[in-house]
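This report walks through one structure.

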Amino acid sequence: MSNRLDKSPYFYCMLGNPKASFGTISADLHRIRRSALNPFFSQQAVSKFSSHVQAIVDRFMHRIETCAERGESIPLSYAYRCVTVDIITEYIFGHQFKLLDRADWGKEFYSAWRSLWELSPTIRQFPWMMDAFMAMPRWFTALTNPKALEVVDLFSNVDEQTKTLLTSNPKEIESKQHPVVIWELSKTDILSQSEKTFSRLAVEANGLLAAGFETTGSILTHTTYLILAHPDAHRKLLVELMEAIPNPGQIPSFQNLEKLPYLGAVVKEGLRLAVGAWSRLPRVNRSEDMQYRNWVIPAGTEIGMSALFISKNPLLFPDPESFKPERWLSVNPSDDRLEQYILAFGKGTRSCVGINLAYAEMYTILATLFRKFPQLQLHNTTARDVEHVHDYFAGMTRAGSHGLQVIVGK
Ligand code: HEM
């Protein structure tokens, strides 16, 4: 089968960003855009950025400490998005949105994104809607569609951040301790001038932000809920973390955390059950027919499959709805039989460019949080609050759900 599969224009117009690597339709154009992004998301690049990840996670821990002292609960669904937004904005813009400092734990910011995802099935049917919203006077959008207004403001904010970055003093950006992705893209020789315009880079920034924060935040939320709702798993995780991290003030590198078997099993089981992208992620081969067993799929046919079908397949994962980290421990460590069925990041040329960063975030955040706060407990939260019931590309919770809330017990 040809490797040159385009994305489906019908499906991917939902986020209105075909200029971003994520939404690029043509496989040929995607290859160029992706090759410019790859160097910043390799294992080596993420390893160099990991001290910044840990510093942001430490700020998060500090805020939890304050909540613990005051006996306040923590809305972890939102809090995780604050951390993942601050991490990705630090990397792409060279400064954080500082959602972690916001009194509302970034609820207002998240509400704007949620609006975009809620609108996405409608935009898919009427792709001109996005441009129309952007062109309308602000007051008119506010009157006719407040959700769309939140989205318009969000996009304008990212435009503003990109503009500020690209007009910054080069010395200031180049003196940073890590590469600033959007700045580097504006200088790279891999991309032609037309790929380095302000409007293209602003859309790329928007795509990286959207792809980078929601999925990671959602998987962390789901995984944390599952750990706390399963006392046996929680206890085993704590035993492992206490032994491996004698001093909670000194969290090992994420590469060392990845070697912890139970933590690894919890992360994999979390990825399996939270699934990541729910949608079918349709592709199309424009140039040739494809053969699947006895069937010929004519060129131009859109095909796709949701990762749900693999993640919840009882032949691969017996009792698939249950949280059982042990299923990942029973296999021989050198045998990646089960691991090949982790589809949360997609597969192939369009798979997640941020996979290494996502793993670094998940290991660092979960290990730091559970090691520092072993007495973490669920607070006013049931499975219903974190259950994914909508397919807005990623699986999402009920509108109005308070999400995952926790409290640091005595
Ligand atoms: C646990 C966290 C994450 C999950 C489950 C996840 C999942 C995915 C999936 C399934 C895709 C393929 C989408 C498709 O086929 O249309 C994808 C693509 C992508 N992801 Fe992630 N992602 C995660 C974290 C991140 C992070 C941290 C970044 C940061 C930059 C990121 C950036 C991207 C980008 C830019 C693409 C488009 C890649 C391309 O088409 O070349 N993701 N992600």
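Strand β7 (residues 376-378) runs antiparallel to β10, and three bridges join the two. This is a predicted model: local features need pLDDT of at least 70, side-chain atom pairs count only at pLDDT 80 or more, and totals for chains, interfaces and linings use all residues. Residues are numbered from 1 along each chain as its sequence is written. Helices (H or I, at least four residues) and strands (E, at least two) are DSSP runs, numbered from the N terminus. Two strands pair if DSSP finds at least two bridges between them.

Together the three strands form an open sheet, in the order β2-β10-β7, with antiparallel pairing. β2 and β7 stand at the edges with a single partner strand each, so one side of each is left without a neighbour in the sheet.

What lies on the covered face of β10, and what on the uncovered one? Val 406 and Val 408 make up the covered face of this strand (residues 405-408). Gln 405 and Ile 407 make up the uncovered face. In a regular strand the side chains alternate between the two faces of the sheet.

## The β1-β3-β6 sheet

A further open sheet has three strands in the order β1-β3-β6, again with antiparallel pairing. β1 (6-7) and β6 (302-303) are at its edges, each with a single partner strand, so one side of each has no neighbour in the sheet. Strand β3 (residues 283-284) pairs with β6 in the antiparallel sense over two bridges. Arg 283 has Ile 303 in β6 as its bridge partner.

## The nonpolar core

A nonpolar core is a set of buried Ala, Val, Leu, Ile, Met, Phe, Trp, Tyr and Cys residues joined through C-beta atoms within 7 Å. Buried means 20 or more other C-beta atoms within 10 Å of the residue's own, exposed means 12 or fewer, and partly exposed is in between; C-beta atoms are placed from the backbone. The largest core has 108 residues. Val 83, Ile 182 and Tyr 363 touch the most other members. α11 gives the most to this core, 14 residues.

Two residues are in contact if their C-beta atoms, placed from the backbone, lie within 7 Å. Leaving aside neighbours within four places in sequence, Val 83 is in contact with Ile 56, Val 57, Phe 60, Leu 100 and Ile 365.

## Cys 352

The UniProt annotation "binding site", from an unreviewed entry, covers Cys 352. UniProt positions are given in the numbering used here, feature names are shortened, and annotations may be inferred rather than shown by experiment. Cys 352 lies in the loop between α15 (308-311) and α16.

Cys 352 counts as partly exposed because it has 19 C-beta neighbours inside 10 Å. Leaving aside neighbours within four places in sequence, Cys 352 is in contact with Phe 345, Gly 346 and Ala 358.

## Single residues

Lys 98 is in the loop between α4 (76-93) and α5 (107-125). Its phi is near 55°, a positive value in a residue other than glycine. Lys 98 is partly exposed, with 15 C-beta neighbours inside 10 Å. Val 275 sits in the loop between α14 (261-274) and β3. The phi of Val 275 is also positive, near 75°. With 22 C-beta neighbours inside 10 Å, Val 275 counts as buried.

Arg 63 belongs to helix α3 (residues 43-70). Arg 63 is partly exposed, with 16 other C-beta atoms within 10 Å. Arg 63 and Leu 100 are 37 residues apart along the chain, and their C-alpha atoms are separated by 8.0 Å.
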